[in-house]
Amino acid sequence: MRIDVLTIFPDYLAPLDLSLVGKARRAGLLDLAVHDLRDWTTDRHRTVDDTPFGGGAGMVMRPDVWGVALDAVLAGDDDGASGDDDAPTTVLLLPTPTGEVFTQRTAEELAGADRLVVACGRYEGIDARVAEHYADRVEVREVSIGDYVLNGGEVAALVVIEAVARLLPGVVGNPESLVEESHGAAGLLEYPVYTKPPEWRGLAVPEVLTSGHHANVTRWRRDRALERTAARRPDLLARLAPEDLDRADRRVLAGLGWYVGPRGPRRAVVRPAETDDAAALAALAALTFPLACPPSLGADAVAEFVATQLDEASFARYLTDPQRALHVAADEQTGELLGYAMVVLDSPPPDGPDSPDGGGVAELSKCYVHPDVHGGGVAGRLVAEAVATAARHGQHSMWLGTNADNRRARRFYERCGFAVVGKRTFDVGGVPNDDVVMSTPITAP
Ligand code: JD8
């Protein structure tokens, strides 16, 4: 790749003689030239700026000086004009605080060009006609390296050139290391890194990293990358594709308060249900209850149950019943309900052991999650909240009934600590269903 930089402070680019970029230049992997813009001035004072049309503070860089300079540097380069598509691709790069934000994606795109010409402005910036003039001759990209104000384009040029140059073939010794980087293909921030000594100022290296257990190391690093990204760059996490997140990832994200929806990770809040949730709860219940019913159960029976037990009026009753505690999981941004759970306090199982005051045994009467977020960790958080609520109400155990053939639900409740302790018949719209009864002890808060 050929890179030309035009600036009134050529020494600002001296760091590009150092380190990897310097080595790449000496190895011929990168052909970089820095030019002093004043070399294309014609007046005794080598003037490159003038007062702004329309008034205002500061000075603006003159288009005519930039025109002569860029024409000279671009000479022989008309990839846009000739329209012949294997002409070398040249990009005229204009660092400016008003540009598109420069990202790793931009660096990857620019690394695909044959040539970059970087025009470093100073003062209040370069006359706007320069970008306009060259737009039909070469690809013009106005980029900003971040939402803060610098005094000129040189620092941005250093940033862009280093980010692009290290993507060029042969510049980074082990291209593998490019893969796992922050902002790389995985879209996550990097995991923390450690080296000798294993103990430093009382701080030890995480044991897993010296365990030699590669799978555990890989998992540990992935978990740390997910944690860091959730904490520091939730915007990046929200961009991840659901298919790129496996069950272990989803468990980690759930523990961080995130669920994985059809559009990717989103923050979910679990909160006590409020009376004005009744309609949304009824809608979610009507959608989710049938999905948990055995296919053998007729639609009429299911519809009967939904209409009489899961309608808005029923939920309005449940929400004002002191013996019941309902929690919902909702998307933090949209408020859309993702799931709900209902606990009935002091409600022992049908033929369960009598507890002296019949008290202290809570029933997890309902726990349903929208199908789009199944496996996203939402149900686990709802059950955890239900158990914690029962504990706060002095309950010492919790039971639930789930269809004996619903293997997925039974596995889920087993993962939540429930165990099968019996069975019951559950009437749905007049049709008896075989449920298993599962129970878990509750430790006082
Ligand atoms: C180019 C002149 C200075 C900017 C008046 C201060 C990039 N992320 C970024 N922040 N600032 C720049 C940048 C600043 C520049 C020039 C880039 C040319 N200035 C001007 C407008 C306000 N002074 C940048 N990339």
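Modeller: A crossing is called right-handed if the near helix is turned clockwise from the far one by less than a right angle, and left-handed if it is turned anticlockwise. In this predicted model, α11 passes α13 in a right-handed crossing. Helix α11 covers residues 278-292 and helix α13 covers residues 312-320; their axes come within 8 Å and cross at roughly 120 degrees. Angles of 65 to 115 degrees count as roughly perpendicular and those over 145 as roughly antiparallel, and α11 and α13 are therefore oblique to each other. On the α11 side, the residues that meet α13 are Ala 278, Ala 279, Leu 281, Ala 282 and Ala 285. Their partners in α13 are Glu 312, Phe 315, Ala 316 and Leu 319. By class, this contact has eight nonpolar residues, one charged residue and no polar ones.

The largest nonpolar core has 30 residues, of which Ile 3, Leu 30, Phe 102, Leu 110, Val 118 and Val 160 touch the most other members. At least two residues of this core come from each of β1, α1, β5, α4, β6 and α6, and α6 gives the largest share, eight residues. Leaving aside its neighbours within four places in sequence, Val 160 is in contact with Leu 93, Phe 102, Leu 110, Val 143 and Ile 145. Another core, of 28 residues, lies apart from that one and includes Val 343, Cys 367, Ala 390 and Ala 409.

Key:
Residues are numbered from 1 along each chain as its sequence is written. This is a predicted model: local features need pLDDT of at least 70, side-chain atom pairs count only at pLDDT 80 or more; totals for chains, interfaces and linings use all residues. Side-chain values use heavy atoms; hydrogens and water are left out. A nonpolar core is a set of buried Ala, Val, Leu, Ile, Met, Phe, Trp, Tyr and Cys residues joined through side-chain atoms within 4.5 Å. Buried means under 20% relative accessible area, exposed over 50%, partly exposed in between (1.4 Å probe, protein chains only). Helices (H or I, at least four residues) and strands (E, at least two) are DSSP runs, numbered from the N terminus. Contact means heavy atoms within 4.5 Å. Axes are lines fitted to C-alpha atoms, for helices over the stretch in contact, and angles run from 0 to 180 degrees between N-to-C directions. Angles under 35 degrees count as roughly parallel, over 145 as roughly antiparallel, 65 to 115 as roughly perpendicular and the rest as oblique. Ala, Val, Leu, Ile, Met, Phe, Trp, Tyr, Cys and Pro count as nonpolar, Asp, Glu, Lys and Arg as charged, and the others, Gly among them, as polar.
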